[in-house]
Every structure is written in C-alpha cells, then in structure tokens.
Amino acid sequence: MTVGMINANPVVHERPERAAHPAHAALDALDVFDTVRDIKDPEHPYSLEQLSVLSQESVSVDEKLGHIQITFTPTVQHCSMATVIGLCLRLKLMQNFPPHFKIDIKVAPGSLANEESVNKQLNDKERVAAALENPNLRQLVDDCLCSDHSSSY
Amino acid sequence: MARVPAGDWVPHVEAFVDVSRSPAQHSAGVDALVALVNKDKLTLFDLVSKMDMYLTTTDHIVRARGIMLLGEIMSRISSKWLDVNAITTFSDFFISRLSDWQALRGALVGCLALLHRKLSVGTIMVANVKRLLEAFIHDVQVQSLAAADRKLCFEIFSCILDHYPEAVKTMDDELLYWICQSIDEEKDPECLKLSFHVVEVVMKLFPDPSGLADQFASDFFEILSKYFPVYFTHGAGDNLGVTRDELSRALMHAFCASPYFEPFAIPLLLDKLSSSLPLAKLDSLRYLDNCIQCYGADRMVAHASAIWFKLKEVLFSLSSDQLLSSGSPKDAENNKNEIISEAKHCLKTAVTYIHSSDRDIFINLILLDDDIVNNIHSVTTEENSICSSLQNQKQLQALGSVISILAESSTYLCTRVLQAHFKRLVDILGNSAGFDSQHLNIGNGSSPAAINYGALYLSVQMLSSCREVAVASREGFPAEESWWLILEEKLDQFIQLSGKLLTIDSQTIQSAVRKECVSYAVKGLLILATMPEQCSLVLANAYEDILLMLTSVITSKYEDAHLWRLSLKALTNIGSSAVEFGASKRETVYNRIVVDKIIRLTESCDASMPLNLRLEASFEVGTASVNYMLRVARSLEEAVITNISQVNGSIECVEYVICLIDCYCSRLLPWLFTSGGLNELALSFALRLWDEIGDLVTLDRIRSQGLLDSLMMGMKLLVGVCTEEQQSLIVQKACGIVSSKLSLPVNTMTHHLLSVEELVPAHSVEDTALVCMLSSVIVGLRPRTPLPEMIMIINLFSVFLLNGHIPAAHALASIFNKYVQNSDFSHENKLDKKLDVILGECFSIVLTSSSLKMSHSAAVTSDSANSDSLPGTGSIGSKFDILCGLAWIGKGLLMRGDEKVKEISLFLLKCLVLDQISANIPPHQEEHNDNLSSDASLATAAAGAFHVMMSDSEVCLNKKFHARIKFLYKQRFFSILMPIFLSKIKETPEMTTKLVMYRAFGHIISNAPVSAVITEAHQILLVMVDILAKLSMDIQDKDLVYSLLLVLSGMLMDEKGKECILENMNIIVSVLAQLVSYPHMMVVRETALQCFVAMSSFPHSKVYRMRPQVLQAAIKALDDKKRVVRQEAVRCRQTWQSSFA
C-alpha cells in the first residue's frame, strides 16, 4: 500500500436528499445506485456519492438482459485506489443482485491515467476472485462496505 | 435499657480503626455500632469515652480513622434525637478538629452531619455554626484538599448558606475573601456545581448597596467568568454525577444572583455572542435573557443598544457556515435555527423588560435603525423576485419577526410601528401590478399579478401583532387606541386586496410565490376575523366581507386545492373563535353566511363540485361548534330522507346517498358523540328512516339499487349511539312496521316455529329487506333495552336464518349474546330452550341429504316435531349460509362465555370430517357422488365458520354495538379446541379432510392471542408449520398463510417460543424457505425473510447448519419482482453471511 494519501484534500459534496422510489417495482438505475452510493471511500470517511465518484447518471441497468453497468470517476488522475473502489463496487453488487446479472464496472473515460488496464482488471473474473482472496485487500474492501452509513434499512 | 457490655462492641471499633482490614469489614463495623446506638444499647458517652485513645493518639492514621468513625456514626444517626448538650459537645469536638489537617475528613463528615440534622431531632445552635464558620475560614485551605474533601467543604458551606443564613449575615469581608480563594481554579464538576450555588446564595445574602456584594462582585465574577460558556463533553453515562446542563444552569443562576454583576456580565455575554461556537452563542443568549430579567430595567438601559446590535447580527446575518460544527450540515442548520429562536426570545425579553424606563428606546433603536429601514424599503420594492432567493426570504422572515416582537410588546409600541409602516405597506400592495384590474380581467397579460410579497408578509405580521395586543388588553378597549385608527383607515383596502388575491384565476399563475401569497392573504383575513369582539363595532362589515370571500372560495374555487383547504381551515378557525370568545352576534352572522351556504352544498346529488369535497367542507365547518355540527347533521339527514323517498333511480344518486350515510355515520356521529351534542338526533333520524322504509315501494327500490347494505350499517350505528329509552322507541316502531307490512303470518309465529317449506314461496324480496333492517336495529341494541314480542322476533329471524339469511343470524347472535331483556323471558331457561330449538333446526337442515345424516341418523336430537320428516329442502348455497349463521350465533355465545358454544363447535367439527365419513361408507345410493362433493364444500364452509367465530368484526358483535365480551374468550376457546384438533388431525389419514382441518385450526391459531399460542408452542409448532406448508399451495388461503406466519414471527421474538423453534429448526427453515418464494402475496415473502433475519441471532451452534439453505433462499429472493422483498433479501443475506463469517 502507498504511504501517504493520494488525494489528501478531496472536494466533499453535500449529500442530496434521497429520491423516493418510483411506484413500479421493477429494478432500475436508482435501485442500483442506492446500493452503492453509501460505500465508503478507502481513503476518507466520506461516501463515494459525497466525493462525486458516483452519480445516478453513471449507472445503467437493463433488467431484461440482466445487465448492470457502472462508470465511476476517481477523484484524481493517478488514483491508485481506483481498483479498490472498483472491487468494492463489484463485491457489493454481487452480494445484492442475483447471480445471473452481468456486471460491468468501468472508469469514466479520460479520468484516469491507466484507464485501460484498470478496466481490464476490474472485469476479469479470475483476477477479481484472486484479489478477494488476498486477506489485506479483502479487509480493506470489507471495511469500505461495512462502514457504509446506509440509512435505507 | 440493657446495655451491651463493652467487650461486645469494642471489637467493631477496632475493626474500623484498623487500616489493614478490608473495606467490607470497616463498613460492617460501622453498621454494627450504628445499630447499637440507634437501639439505645450503647450511649454515645460510652462510645466516646472508650474511643478516647483513638481520638487523641499522635498516630495520624489511627486518629484519622477514629474521628472518621465518629463522623460516620454521626451522619448515620440523623434520625435519632440528641439533646443540646450532646450536640454542643460534638460540634465543639468537630470544630476543634478542623485545625487537625492530617485527620480532616472525619471532622468534615461530622460537621456536615450536624448541619444536616432536622429541627425535630435536635439541631446545632447558630452560635456554634458561626464558630464553625470562623474555624473553617481560619483553618481550612480548601484549594489544597483532595477532590472528595473539597466537595465536603462546599457541601458544608452551601448547607450553612441555605439553612443558617443568619450566621453568615454578620460575617465580614473575610468570609467572601475566603470563598473567592476556595472556588478559584476549581475543576471538579461536582465541586463546581456546589461552588456556583455558594456564590449565588452569598451574593443574594448581601443585597445592600455599597455592601460586601458590591465590593466583591468583580472578584467573584472574574472567577466565574472563566467557566463561561460551560464546556463539558461528558454525557450522563459517564457517572460524574453532573451533566452539562446542570452545570450551565447553576452558573446561570450565579450570574443572575446579583445586579452588581451587571457591569461585568453583560459585556462578557455580548462578547461571547460573537463566538463561532454554537454552544457559546446559545448559552450567551440564554444567560442574557435571564440576566435582563434579573438585573432590572434601570441597569439594562445602558446596554440596550449594544444588545440590539448583537441580536440584529444574529437574526439577520447568521448563516450556518459561520458556526463551528462537527456534525452534518443538517445539525448545523438545526443549531442555527435554535440560536435564532433563542435570539428572538431574548429580544422579546429585552423589549418587554427594558422599555419600562424609556418607552421610546426601542423605537429609536429598532424602528429607526438604518438597516431595518433600508431592509423594509428593499424588501417592499423588489417585486415578485422576492421569493426567488432563499437569502431574501430569510431576511424577510427575520424582519417580520423583529417587527412583530416589537409591536406585540405594548399598545404604544404597536401604534408606533403601525404609524411608521402600515399605511405605506398597504399602499404598495395596492399599487403592485397584481391588482391592476385590467390585468385581472384579461388574464393573459404580459406580467400577470406581480404581487408584492414582502409588503404582504410584513403587513400580515403587523396585523397579527395587533391581534396579540388586542387580546392582551381585552377588558376596556378604548376606541381612541391609535393603532386601531390606523388599521381602520386601511382595513377595507386590505380586505379588498386580499379578496382579489384569492380570486385571481388560479390557472394563470401556479407558482410557489403565488402559493405563499395566497396563504398569507388567507392568514391576514383570518387574523382580522378573529380579532377580539371589542373591535366588532367597527369590524362588523369587515367580518361579513371576509366570511363571504372565504365561503365563495369554498363553493367555487375547489380546483385550487391549496387555496381551498386554507380557506376551509380559516373558516373553521373563525367559527370556533367566535364561539370561544362568546361573541353571539358573530355566531349569528357566521351561521347566516357560512353554515347556510355550506349546508346547501350537500343538499343535491348533482353539482359540479366533487361530493367528497362538499362533505369535507360541511364536516370541517361543523367542527367549529356543536351547534353548527347539528345543523350540518340535520341537513344531511334531510338530504338522505328526500333522496330515498324520491323516485329517481340514477346510479349517481344512489352513490350520493351512500356517501352521505357514510359521512354521517363515520364522521358526524362519532364527533357529536364525543362532544356530547347528540341528544335526540340519532333517534329522530332512525325513526324517519323507518317511516320511509315502511313504504314497500321505497323498500323495493332501496334493495334493487344496492342501497340496503349502506342503510343497514347506518341504522346499526344510529341505534348503537342511542340511549336505552331511545332504542326502545326505535324498536317499537320497527316491530310495528314489520308486523304490519310483512307478508308472512307474523302473528302465528308467537307460539311456535313455522316450518320452513311453508314459508319459502311467500318469501318476497321486500320481506327480506324489511327483516334485514329490523336485524340492524337489533344488532345495535344495548343489553338493557327491553325488546317487545321477543318470541315473535326470534321466530321470525329463525325462519329467515333457516333460509340462509346472514343478517338474521346477526340479529339472533346479538340477542343471545346480550340476553336482551324481555318480560316473557324472565326465566333464562326459556331463552335457552329457544336456542336449543333453533340450533336443532339448523343442524338438521345442514345435514339433510348429507351422508352423515344417513349413517348417523341420531346425530342430532331436536325438539322439533317435524325435523325428521324434513325433505331435502335448502340448496347447497343456503346450507353454507346456515353454517355461517350458526357460526355467528356461536360467536355471540362464545363472547359471552356461554356453555352452549360447545354444541355448535362440536357440530362444526363434525362437518369438517363429513367427506371422510362419507367416503368410508360403502356406496349404496346413486347420489352418493353428489353427496361427496357437497360434503367436501360443506366441510370447507365449516372451516370458514371458525374464522367467523374467532375474528373481530365491524358488522356485528363489537364494542360499538354493545356486545357482551368476556375477558380472554379467544384464549379460552383456543385452549379448549386445541387438543381436540390435535388428536383429530392425527387420526385423519386423507389429505382433503386434513386440509380442511388445517384451515379451521389455522383460523383458530391465527386469531388467538400470540402469548396463548406461545405457551402451547411445544405442542402445536409442528402442526402449525405443516399447516403453513400445506396451505401455501392454494391461492385462496393467502390471508390465512400470512396471519399464521405472523404468529410464527411472534414466536421468534419470544424466549419460550425461540426454544421450541430451535428444537425444530430444520423443518421450520425449509418451510420458510418455501414461503420466501410464495407467489401469491408479497408480504408473506417479506415476512419470511424477516423471520430468517431474526433467526440469525440464535445461538451459532444451533443454526450454522442452516446457513446454506437460508442463503440459497435469500439469493433466489434477490431476483424478486418487488423492491421491498429484494431489499429484505439483501439484508437477510448480509446478516447470515456476516454473522457466520
């Protein structure tokens, strides 16, 4: 792990009011966004939503095809935490959605120096599984997922 | 008194004095000695003389223990009487020991114990207290002591100040000097609280000018000021014995103790008000508020301008960014709001307390303040855009509250404020574009209605201040009040402007600004209309105008929901205020203008306005007073009656009447009942209804139009609220009409039951309707209401019951439940016999042509002579109804706790197993197959009958209808039937019969109290789970499945239930897993998942085996159709995954 913070002083946004769910019961982007918005940033005690890493527009869902796509924007160009954030997203989605969903996690184009390699890494089943078996990494990811101050339940 | 020999108690003394013993032994020693002293078995003299050595030895440790022992004993015998000598001796001793610093603790404890003594048990003399004080000042260096000793010192001191002030009053400055010294630099919270108290009392003891307090005020304040604002982060859970609030309050009392603090305190508080710490701001404002009240106007006048400037800063320019806060933005916002409301409070105090010495002081300060003048100017010139920015709106609110605080404080101030601004504001309002009449008419003009919101807001604020002032000076309202003259001058203009605001076409401008404007216009009108009646001489016209305006909104502008509701609320408030102030003239006007118009709304069935709004308006206006409500009720009654009797059979009209009856019964009746205005109302309505029903043509129409159900329910409720005498009138009338109109030979019924086949052909539709209405009357009766011609009535209902009419069963159930009074039935047995006959008839009809009847011809013994020869009358459908009716009668008996209920429940049980019996007997008739199917459905109906018996009903037999309800009747029924069901279920091999049994038992379990079910959990849990599993196959049982699942989840929450569930974990988990994908009901799936979540807290060793199964079920549910279930599935999965990781 790196010594010192990669982005020591990020811009923190206010949490917006939670939108009420639409009346229909089908899975939509808001559902997915609700599950991931409160994941904690690995570096800071703020949620990914507060740091504008994620927004509702960055999530797209196709329920018929069983496809979820999330695009996230790391706070700085050289953010080495991008992979950890991606891993958190993947684990959380795997836990909260049925296994038949295909989940694509991407870094927003142009927001990261090594965008391509990170995208590749995040969507490689083997490498994700291997990463989650690494106890240190797993601890870090679990911390991020655990401490999400989710208020929805 | 027998003394205890010294040898017995001296060891206790030794035990206490010996430091090497344990604390437990020490306290045991004291306990023993105290017990001896309290029982007079040991005199204090003996004790002291034996302890001589311990008290005087040169060994500090032993001496300290000795004195401590004496002090402890002293404090523990506080309720024992001691003579003057003893007390003087002890006080001499302890006072002398104060100089012994190595053994001080005991002396302090002893002194405190002496000071705490009550007058009735002998107290220390004042002279001794004075000596004690002197010794204290001379010998004790409080600051150098340990915290516990310091606390004792402060306790002694505050005790002296509170109880022996005369000893202190004669002291000189040495005392105050010593106090200063002692409390300086104190850090311990408990000591601090006491020391604040000491300062407070001391300062109050020396009130004379140029006295000690004046002299020492600066010293004391210098010490106190260090603690302000109290910063103390420990919560109540930290066991410090003090909370921040207590400390802060103690310090505040100290601050307020003496006006001599004023030159120091006010500058400090004003200074701290600029702090960015929210706590400091809040505390400063609170202290300031109290100090203003305590220091007096003369002293505060000098600070008035400083206070105003500081408060202005807080009120107008405080933003949550300026506050240091660790919490979320929401917390900061809350802090800010709290600070602002405290600042308003403080300003109000300042204005009320300080202006007594110079009444213009705040006029000059606030009203002529440049900022305020500019602010008013800018707020009232900016048009329309005023609401656009949040900042502006906040400024406006601050301005409004400052002005109304100022104006509310006195008549004089109110006048000055109005003089300065009111006229101009109304003029601005009038000139603003919104009231250009051309624009209004055209409607599509370029800038429709740019109302000056700021001017409107401020003028309404001023009006509300006027009302406050008027209410405060209610008696003797001089007409030459100058604020009133100003108001009067502009009154008509204001009312007109508001009225125009209300009538602007709502379609053209539908924005937030308009909403705000409209609500303030309505508020302004409301304020004017609720001004105390002293003003009414001048206001009479205005009052009428306002009422007309608001009423016309109600009648014509119902599309604009916001305006409509506001106006309705305002009208209700105006109405109730007229009643509250006892303004009879206004009440008349209100009646004439508002109530008349509103009532007319409900009088016809076709109007453009939606019916629910019309009814709501009527009800809301009625709630203003009982008299209005009575008028509304009468008009509804009239409308119902006319519409029933008129022959116009349109569907809308029927729905209209249904709505009217519903509104009357569900809203008006309960309201009138609770406010005690009911009287004859329900009676007359019920009688009039009967008059109408008496006409058979009307009755037929009612029935064919589907009005009957609604009328029946209405009749029940009407009868239910009547008194016994009123009820008997209704019953008499009803019986009279029924016996004259019914086409059946009613009179022959007085002696014996008619046989069923005799009646069937004559059974007309009108008769049925008539009997239904009669049954509604019977259902609502009170138990003590006399019922004439009871035999006839019972016979009549029996006949209709045997024809399968449920309302007849309701009436019979009510009669048997309440044991309605009748002179014919003075002997209870007679009614019981009647019941036997009816039950016998029912049983035999239900069983005719069923296989049970054939195989067990003697199953039913009946008194009725022709029961055996009954042909196969009664279709299958009516048999079900009879079963259901039986259940109702059973319910009535069950609720009263009658033994006869057993007969019915046994019969129902028999019906449950009918098809099993019929399957067992060999087929010897052709119709056997028909019988089989009919028996099966009969069994299903019997299962449903148990639901009727156990569940609560709105229709009949409830508290509203005065049913006799025995305590815990459901629990009793459950425990009687449970063993029977368990054994029958065990015996039954066939699945179909078992299913019916399950259904019946399920109804009983789900309606029984959960605690009763839990006590039997070990017996029924497995059956219950099996019921859940089997019933989940059929969509018809979904409600039953849900209620059973709720019982199961109730068990999960209970300790005993948990044990049982743990024993049968495997099967329960698999059934729940099955229910997680229950297709027919969403809540079942959700509850099943919640049960899983609850189970995850069970002991790990017991449930870890279930994990894969639970997780599998939860994962499946992640894909559920409903969002709630998906979320619950995620939670379930998380808890099971994390708690077993």
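A: This model is predicted. In chain A, three strands form an open sheet in the order S1-S2-S3, and their pairing is mixed. The edges of the sheet are S1, residues 59-62 of chain A, and S3, residues 102-107 of chain A. Each of these edge strands pairs on one side only. On average, and with direction ignored, neighbouring strands of the sheet are turned by 10 degrees against each other.

Strand S2 of chain A covers residues 67-72. S2(A) and S3(A) run parallel and are joined over six bridges. At one position of this part, Phe72(A) stands opposite Val107(A), a residue of S3(A). The sheet also carries a helix: H2 of chain A, residues 82-96, packs on the sheet and touches both S2 and S3 of chain A. The direction of H2(A) makes about 160 degrees with that of S3(A).

Next comes the contact between the chains. Ten residues of chain A and twelve residues of chain B take part in it. On the chain B side, helix H57, residues 1123-1139, gives the most, with six residues. Sorted by class, the side of chain B that touches chain A holds six charged, four nonpolar and two polar residues.

Chain B itself is divided into three domains. Domain 1 consists of 359-504 + 513-601, domain 2 of 612-722, and domain 3 of 774-870 + 879-966. Between domain 1 and domain 2 of chain B, 13 residues of the former are in contact with 13 residues of the latter. On the domain 1 side, the elements that give two or more residues are helix H28 (561-580) and helix H29 (584-601) of chain B. H28(B) gives the most to that side, with six residues. The side of domain 1 of chain B that touches domain 2 has ten nonpolar and three polar residues, and no charged residues.

The largest nonpolar core has 376 residues. Within this core, the residues that touch the most other members are Cys291(B), Leu406(B), Leu525(B), Leu812(B) and Ala942(B). For Ala942(B), leaving out residues up to four places away in sequence, the residues touched are Leu883(B), Leu908(B), Cys911(B), Leu912(B) and Ala1000(B).

Methods. Residues numbered from 1 in each chain as written. Chains lettered and ligands numbered in written order. Predicted model: local features only at pLDDT ≥ 70, side-chain atom pairs only at ≥ 80, totals over all residues. Domains from an automatic or database assignment. Contact = placed C-beta atoms within 7 Å. Helix = DSSP H or I, 4+ residues; strand = E, 2+ residues; numbered from the N terminus. Nonpolar A, V, L, I, M, F, W, Y, C, P; charged D, E, K, R; others polar. Pairing = 2+ DSSP bridges. Axes fitted to C-alpha atoms, helices over the stretch in contact; angles between N-to-C directions. Core = buried A, V, L, I, M, F, W, Y, C linked by C-beta atoms within 7 Å. Buried ≥ 20, exposed ≤ 12 C-beta atoms within 10 Å, placed from the backbone.
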